[in-house]
Amino acid sequence: MAGLELSNVIKRYGATQVIHGVDLQIDDGDFCVFVGPSGCGKSTLLRMIAGLEETTGGRMAIGDRDVTHVDPAQRGVSMVFQTYALYPHMTVRENMSFGLKIGRMAKPEITRKVDEAARILKLDRYMDRKPKALSGGQRQRVAIGRAIVRQPDVFLFDEPLSNLDAELRVEMRVEIARLHKQLGATMVYVTHDQVEAMTMADKIVVLRDGRIEQAGKPTDLYHDPDNLFVAGFIGSPRMNFFEGRVVSHSDGHAFVEVPRLASQPVAVPVATRCPPGQAITLGLRPEHFDPQGPVAVSLGVDVLEDLGGVCYAYSSDQGQDTPVIVELRGQNRPIVDGMLQIGFDPDHALIFDTETGGRIR
């Protein structure tokens, strides 16, 4: 196994640049997830690592080998695609062993590697079946098995669960996380689903327009985002945002007016001195609303999603397009005549510069 390093990596199609000087270090054994909206460049970057897209500029290394312009077959990577890409006329065993046969590996070694991968993926019972006789999850496990038998330095996954239904997605998330723990392999995984990113990754890389917005541990990105984009993208349900302005700054607190949220200025702890009148955006996650919070909030409830142990209240009062989302736990439902009487602790609030989108710390 080996780590992965990208240094000022660039990709252009003619005059159009789609990857803009990406620098990234993925340690040996890490499970790294590229996440972002459609068109952000995550699949392009993955294909560049695989060698399926030519790198226009910069350097790419796997372990201590420069693989920037090395052929895909020589890079020591295996890739699992969104579509299973299985040969329909071959059995599971034949699909998993095909690449090894092409590489002229000895038959006893092929049998050993395939049997071991089948055991890991719990495919023993299905080795003589053809893909049409398998479920979607089983087919994806076969595709993963085909990658495992090659024993690559780096595993690459390009949205491998997007064709599965909701229940199978959850099941396969657990399977892949378990596989990573068992193999201890370096894995790079692309998805647009930030829930997958949060639940599977050691390291998340948030991409937008071919640039890295922030990279780090899932909990770091969730609790300490660098900007509005990361704050809004990471987390389900999303973070609530409220427009406001700075009134004053003293004793390590910015006093901000947020008309939609509170009738009085809210004291948010920040070290940076904020000039009075500065436009800010206050961020508050749904779970940080609390009936016992020191700042009282009253919101009209439009929709209530009661999931049993947790309930989400949606409020689009004051003619706002984006509803405020409040998470309620247990049996406590502080709603009277369609109004939610709630509160929050300003220590949980984050503020951002509205003009630049950057976090104010």
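## The annotated domain

The UniProt record, an unreviewed entry, places the feature "domain: ABC transporter" at residues 4–234, although such annotations may be inferred rather than shown by experiment. The structure is a predicted model, in which local features need pLDDT of at least 70 and side-chain atom pairs count only at pLDDT 80 or more, while totals for chains, interfaces and linings use all residues. Residues are numbered from 1 along each chain as its sequence is written, and side-chain values use heavy atoms, with hydrogens and water left out.

Over residues 4–234 the chain is 37% helix and 26% strand, where helices (H or I, at least four residues) and strands (E, at least two) are DSSP runs numbered from the N terminus.

## An open sheet

Four strands form an open sheet in the order β2-β1-β4-β5, with antiparallel pairing; two strands pair if DSSP finds at least two bridges between them. The edge strands, β2 (16–26) and β5 (65–66), each pair on one side only. Strand β1 (residues 4–13) pairs with β2 over 7 bridges, and L6 stands opposite L24 in β2.

## Salt bridges

The whole structure holds 17 salt bridges, each being a side-chain nitrogen of Lys or Arg within 4 Å of a carboxyl oxygen of Asp or Glu. One of them joins R65 and D153, whose closest N and O atoms are 3.7 Å apart. Because R65 lies in strand β5 and D153 in the loop between α4 (136–148) and β7 (154–158), this pair ties together parts that are 88 residues apart in sequence.

Another salt bridge links R169 and D193 (3.2 Å, N to O). R169 is buried at 14% relative accessibility, and D193 is buried at 19%, where buried means under 20% relative accessible area, exposed over 50%, and partly exposed in between (1.4 Å probe, protein chains only).
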